[in-house]
Amino acid sequence: MRGVADLAVIPHKFARKERFVTDVQISHGWMHAGYPVMAHRSTAGELVSIKHAKTEGHWGIIHELGHNQQRACWEFPSHTTECTCNLWSVYVHEEVLGITEQRWTKRNSRAEQYAKGGRNLSKWSMWVALETYMQVRDKFGWDAFKRVFAAYHEMSNFPKDNKGKMNLYAVTFSQAVEMNLSGFFKSWGWPIERDTEDKLSKLPPWTDHPMVQYD
């Protein structure tokens with residue numbers, strides 16, 4: 001839970017407790033987020049097993065905890081609804097549990113297939129979208145995400161539409177890493193506006209990003 005809080009840049013002591021309830025029948029899905037997080041009863045043994053956590057991981061449970069940290073201001077539904085929560089799964093597995101390869105073994109093929117398929121934003125979701133964030137993580141590290149989330153804590157009056165929010169995210173992340181990422185996000189099919197490019201024009205561009213190979 002401290003790892004969850006660290007990535008979200010919030011105090012370790014939560015405003016309300018994160019609880020887990022496993023039951024024989026839940027309202028929907030195999031697990032779902034909320035207060036409490038719900039899961040089917042067969043997962044109970046794994047949930048409290050330290051051995052399982054350190055060997056197999058707890059992807060699903062942390063995925064649901066990630067849902068509880070998502071914020072509308074940097075979410076782009078429905079593209080990222082089942083994506084950005086996985087940032088917490090990846091982070092906790094790597095930084096807390098020491099599991100560095102978990103559920104994204106097809107990373108390169110996802111990016112390549114998306115690019116060769118025309119970079120259609122309608123197909124940018126879940127695992128494909130996660131690759132966008134992982135490419136940024138590979139380059140700038142987790143601290144960059146923490147700076148971005150911290151910056152959002154200080155903002156208000158957010159755009160309501162995906163296009164506006166995606167442009168704000170591109171600006172915020174670029175400023176956090178002091179590099180112009182507009183070209184990178186455009187390479188993923190994001191609707192980056194000219195105004196955004198102008199705002200970031202004084203920053204050095206990220207010209208050797210991973211999607212260049214598919215241009």
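The legends below describe close-up views of a predicted model.

**View 1. Confidence along the protein chain of the predicted model.** The protein chain has a mean pLDDT of 92, and 97% of its residues reach 70 or more. Among the elements of the chain, helix α9 (residues 162-177) has the highest mean pLDDT, at 98, whereas strand β2 (residues 31-32) has the lowest, at 80. Where pLDDT is low, the predicted coordinates should not be read in detail.

**View 2. The packing of helices α6 and α7.** Two packed helices are described by the angle between their axes and the distance between the axes. For helix α6 (residues 107-116) and helix α7 (residues 126-140) the angle is about 115° and the axes are 9 Å apart, and the two helices are therefore roughly perpendicular to each other. The crossing in which α6 passes α7 is left-handed. On the α6 side the contact involves Arg107, Arg110, Ala111 and Tyr114, which meet Trp127, Val128, Glu131, Met134, Gln135, Arg137 and Asp138 of α7. Sorted by class, the residues of this contact between α6 and α7 are five nonpolar, one polar and five charged.

**View 3. The packing of helices α8 and α9.** Helix α8 (residues 142-153) and α9 have axes that come within 9 Å and cross at roughly 125°, so that the pair is oblique. The crossing of α8 and α9 is right-handed. From α8, the residues Ala144, Phe145, Arg147, Val148, Ala151 and Tyr152 take part, and they meet Lys165, Leu168, Tyr169, Thr172, Phe173, Ala176 and Val177 of α9. By class, the contact of α8 with α9 comprises ten nonpolar residues, one polar residue and two charged residues.

**View 4. The packing of helices α5 and α8.** The axes of helix α5 (residues 86-95) and α8 come within 12 Å of each other and cross at roughly 135°, and α5 and α8 are therefore oblique to each other. Their crossing is left-handed. Leu87, Trp88, Val90, Tyr91, Glu94 and Glu95 of α5 make the contact together with Trp142, Phe145, Lys146 and Phe149 of α8. The residues of the contact of α5 with α8 divide into seven nonpolar and three charged, with no polar residue.

View 5. When residues up to four places away in sequence are not counted, Met166 touches Phe76, Leu121, Trp124, Trp190, Pro191 and Ile192. Met166 and Ala176 are ten residues apart in sequence, and their C-alpha atoms are 15 Å apart in space.

**View 6. Asn180 in the loop between α9 and α10.** Asn180 lies in the loop that runs between α9 and α10 (182-187), and Asn180 is buried, with a relative accessible area of 11%. With its neighbours within four places in sequence left aside, Asn180 is in contact with Ser174, Leu200, Ser201, Leu203, Pro204, Pro205 and Trp206.

**View 7. The covering of helix α4.** Helix α4 (residues 59-67) is mostly covered, eight of its nine residues being buried. The buried residues of α4 are Trp59, Ile61, Ile62, His63, Glu64, Leu65, Gly66 and His67.

View 8. Most residues other than glycine have a negative phi, and most peptide bonds are trans. The peptide bond from Tyr35 to Pro36 is cis, with omega near 10°, and Pro36 has its place in the loop between β2 and β3 (37-40). The peptide bond from Pro77 to Ser78 is also cis, with omega near 0°, and Ser78 is found in the loop between α4 and α5. Met126, which lies in helix α7, has a positive phi near 45°; at 35% relative accessibility, Met126 counts as partly exposed. Asn157, in the loop between α8 and α9, has a positive phi near 55°, and Asn157 is exposed, with a relative accessible area of 75%.

Methods: Residues numbered from 1 in each chain as written. Predicted model: local features only at pLDDT ≥ 70, side-chain atom pairs only at ≥ 80, totals over all residues. Heavy atoms only, no water. Axes fitted to C-alpha atoms, helices over the stretch in contact; angles between N-to-C directions. Helix = DSSP H or I, 4+ residues; strand = E, 2+ residues; numbered from the N terminus. Parallel < 35°, antiparallel > 145°, perpendicular 65-115°, else oblique. Left-handed = near helix turned anticlockwise from the far one by under 90°. Contact = heavy atoms within 4.5 Å. Nonpolar A, V, L, I, M, F, W, Y, C, P; charged D, E, K, R; others polar. Buried < 20%, exposed > 50% of the residue type's maximum accessible area, 1.4 Å probe, protein only. pLDDT = per-residue confidence, 0-100.
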